[in-house]
Amino acid sequence: LSLIDTEVDKLSLMLTELYKLSLMLTELLKLSLILTELLKLSLMLTELLKLSLIDTELLKLSLILTELLKLSLMLTELLKLSLILTELLKLSLILTELLKLSLIDTELLKLSLIDTELLKLSLILTELLKLSLMLTELLKLSLIDTELLKLSLIDTELLKLSLILTELLKLSLIDTELLKLSRILNELHKP
């Protein structure tokens, strides 16, 4: 009887330890459920972040378009000036022809010289307009490079989030296996 009691005590201790393990596994299962919910929240936050990034990009595009509109208005004003200078150039050519025909009126000659200077100014402004267009193209290229860099940074952050979620998924799978073990132990613990 003493040996039987000893064996019974041993079995009782083993069952107690198994019961403790079962409780621990139950807690791990709860943690697994919590991690699952956190994973769902992380996915929701990822979607919200994507929407926020889209809105940010649209705002940036709006600002870029506003700047382009300002540049367009400036170029329109330059075009108007260019047309005015073209008309002045026509007047200069007419005055030059009159000067060739008459060679009398000195004032006309002075006006012709003034118009010649205006023509030079027109040519200078034309060159400046060309430079402005070149700078505009360079600015567009710079903006495109900036957007590409931002997209690269966004991809990097998304990759980091993906790795974190992968690790969380691995933990969830481990918890699932522990749950299976807990169920097996519970079955063993039943009389």
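A residue is called buried when its relative accessible area is under 20%, exposed when it is over 50%, and partly exposed in between, with a 1.4 Å probe and protein chains only. By that rule serine 172, with a relative accessible area of 15%, is buried. The structure is a predicted model, in which local features need pLDDT of at least 70 and side-chain atom pairs count only at pLDDT 80 or more, whereas totals for chains, interfaces and linings use all residues. Residues are numbered from 1 along each chain as its sequence is written, and side-chain values use heavy atoms, with hydrogens and water left out.

**Overall form**

- The chain is built with two helices and zero strands, where helices (H or I, at least four residues) and strands (E, at least two) are DSSP runs numbered from the N terminus.
- With a radius of gyration of 42 Å, well over the 16 Å that the globule rule gives for 191 residues, the chain is more spread out than a compact globule; the radius is taken over C-alpha atoms, and the rule is 2.2 Å times the number of residues to the power 0.38.
- Along the principal axes, the C-alpha atoms of the chain fill a box of roughly 150 × 20 × 15 Å.
- Helix H1 covers residues 2-102, and helix H2 covers residues 106-189.

**Surface, burial and contacts**

- Of the 191 residues in the chain, 12% are buried.
- The accessible surface of the chain is about 15200 Å², and carbon and sulfur atoms hold 75% of that surface; such areas come from the Shrake-Rupley method with a 1.4 Å probe, and for residues only the protein chains shown count as cover.
- Among contacts in the chain with a separation of 6 or more, 84% come from residues 24 or more positions apart, a contact being heavy atoms within 4.5 Å.

- Serine 22 lies in helix H1 and is buried, at a relative accessible area of 6%.
- When residues up to four places away in sequence are not counted, serine 22 touches Ser182 and Asn186.
- Serine 172 has its place in helix H2, and, apart from neighbours within four places in sequence, serine 172 is in contact with Ser32 and Thr36.

**Charges and salt bridges**

- The chain carries 20 positive and 27 negative side chains, and the centres of the two sets lie 1 Å apart; Lys and Arg count as positive and Asp and Glu as negative, while His and the chain ends are not counted, and each charge is placed at NZ of Lys, CZ of Arg, CG of Asp or CD of Glu.
- There are 15 salt bridges in the structure, a salt bridge being a side-chain nitrogen of Lys or Arg within 4 Å of a carboxyl oxygen of Asp or Glu.
- Glutamate 37 and lysine 40 form one of them, at 3.7 Å from N to O; these residues are three apart in helix H1, and are therefore separated by about one helical turn.
- Glutamate 37 is partly exposed at 44% relative accessible area, and lysine 40 is partly exposed at 46%.
- Glutamate 77 and lysine 80 also meet in a salt bridge, at 3.7 Å from N to O, and they too stand three residues apart in helix H1, about one helical turn.
- Both ends of that pair are partly exposed, glutamate 77 at 45% and lysine 80 at 46%.
- In helix H2, glutamate 127 and lysine 130 are three residues apart, or about one helical turn, and their side chains meet in a salt bridge of 3.7 Å, N to O.
- Glutamate 127 is partly exposed at 44%, as is lysine 130 at 45%.
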